[in-house]
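Here are a few notes to read alongside the picture. Take your time and find each part as you go.

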Amino acid sequence: MKKSPRKYHVELREEERRIFEEIVNKGKNSASKIKHAQILLKLDEANDKKAWTGWEIKEAYGVAERTTSLLAKRFVENGLESAFERKKQANRHHKVTGEVEAQMIAIACSKAPEGSSKWTLQMIADKLVELDSISATAVGTTLKKRT
């Protein structure tokens, strides 16, 4: 297997190494935190240690080589804490406020329009789009919570 050069070189200080070893040995942490600590210990190149390759880590810990390189990047660029934190997901806010949800439920519970026996998801979404800007997906997600 062809070995590609490593872009991010992990060199742990004694204090960092001690912290990672404690995380691994205590076993009182989440599985992902333990695994990240194990991987970073294997990537350590301090004091002329030979770091494991991405392939060796993949075989030992069952993680993709990409995961290993992203973990090394986070650690090198942002330090110890970022190695254990998950990336914050952007744009995860809901557009459905309590007011919009109330409108949605009122529409769903009201008499269906002429020519229909009941409100469909798309009809509710269309009505809400007239009143406010909201997608059919947001309507479906909200109504799903309310069987």
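**Notes on the fold**

1. The chain has eight helices and zero strands. Helices here are DSSP runs of H or I with at least four residues, strands are runs of E with at least two, and both are numbered from the N terminus. Please keep in mind that this is a predicted model, where local features need pLDDT of at least 70, side-chain atom pairs count only at pLDDT 80 or more, and totals for chains, interfaces and linings use all residues. Residues are numbered from 1 along each chain as its sequence is written, and side-chain values use heavy atoms, leaving out hydrogens and water.

2. How much of the chain is buried? Of the 147 residues, 31% are buried (under 20% relative accessible area, with a 1.4 Å probe and protein chains only).

3. Now look for the largest nonpolar core, which has 20 residues. Such a core is a set of buried Ala, Val, Leu, Ile, Met, Phe, Trp, Tyr and Cys residues joined through side-chain atoms within 4.5 Å. Two or more residues come from each of α1 (14-26), α2 (31-43), α3 (54-61), α4 (65-78) and α5 (80-84), and α2 gives the most, with six.

4. F20 is among the residues with the most contacts inside that core. Leaving aside residues up to four places away in sequence, F20 touches L12, A37, L40, L41, F75, L80 and F84 (a contact means heavy atoms within 4.5 Å).

5. A second, separate core has 12 residues, including V96, I107, I124 and I134.

6. Finally, visit α8 (residues 136-144), whose buried residues are A138, V139, G140 and T142. These buried residues pack against α6 (98-109) and α7 (121-131).

Conventions. Buried means under 20% relative accessible area, exposed over 50%, partly exposed in between (1.4 Å probe, protein chains only).
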